[in-house]
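Here is a short note to go with the model you are about to open. Please keep the structure in view as you read through the points.

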Amino acid sequence: MSATFTWTISTLERDLIGDLAGGVIVAHWRVNAEQVEGDNTYNATSYGTCGFTPDPTGSDYIAYADLTEADVIGWVQADVGKDTVEAGLQANIDGQITPATANGVPW
């Protein structure tokens, strides 16, 4: 079994005065992973930012008012490597389910 991944955008930063004409320059993102095994639920989270240099004259430019969360998630996943981030979170959860080390003392 593998985790379910939920990508979200926490907030965006956009240029208001410069040449970027309101374009998004930073996206703050989070991905939550959850996996249920029997009666146990395991979670892992990653959070980060991505910087962008939008081109308002580009054919793929989307005005701030027209952006959807799905648009920005697509940018973020392409920038950070969706599969790499999700594999890291899955490894974290796998380590919770089957730990490689343990703490404690024998007495």
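**Notes on the predicted model**

1. Rings of Phe, Tyr and Trp (its six-membered ring) pair if their centres lie within 6.5 Å, with planes under 30 degrees apart called stacked, over 60 edge-to-face and the rest tilted. One of the pairs is Phe52 with Trp75, edge-to-face at 5.5 Å centre to centre and 65° between the planes. Phe52 sits in the loop between strand E3 (40-51) and helix H1 (69-80) and Trp75 in helix H1, so this pair ties together parts that are 23 residues apart in sequence. Helices (H or I, at least four residues) and strands (E, at least two) are DSSP runs, numbered from the N terminus.

2. How accessible are these two residues? Phe52 counts as buried at 19% relative accessibility, and Trp75 as partly exposed at 29%. Buried means under 20% relative accessible area, exposed over 50%, and partly exposed in between (1.4 Å probe, protein chains only). Of the 107 residues of the chain, 28% count as buried.

3. A note on how to read this: the model is predicted, local features need pLDDT of at least 70, side-chain atom pairs count only at pLDDT 80 or more, and totals for chains, interfaces and linings use all residues. Residues are numbered from 1 along each chain as its sequence is written, and side-chain values use heavy atoms, leaving out hydrogens and water.

4. Now the overall layout. From the N terminus on, the elements run β-β-β-α-α, which comes to two helices and three strands. The strands make an open sheet in the order E1-E2-E3, with antiparallel pairing; two strands pair if DSSP finds at least two bridges between them. Strand E1 (4-14) and E3 stand at the edges with a single partner strand each, so one side of each has no neighbour in the sheet.

5. Looking along the E1 side, ten bridges join E1 to strand E2 (residues 24-37), and the two run antiparallel. Ile9 stands opposite Trp29 in E2. Helix H2 (residues 82-97) packs on the sheet and touches E1, E2 and E3, where contact means heavy atoms within 4.5 Å.

6. Finally, the outline of the chain. Its C-alpha trace spans about 65 × 25 × 20 Å along the principal axes. Among contacts between residues at least 6 apart in sequence, 61% join residues at least 24 apart.

Terms used. Axes fitted to C-alpha atoms, helices over the stretch in contact; angles between N-to-C directions.
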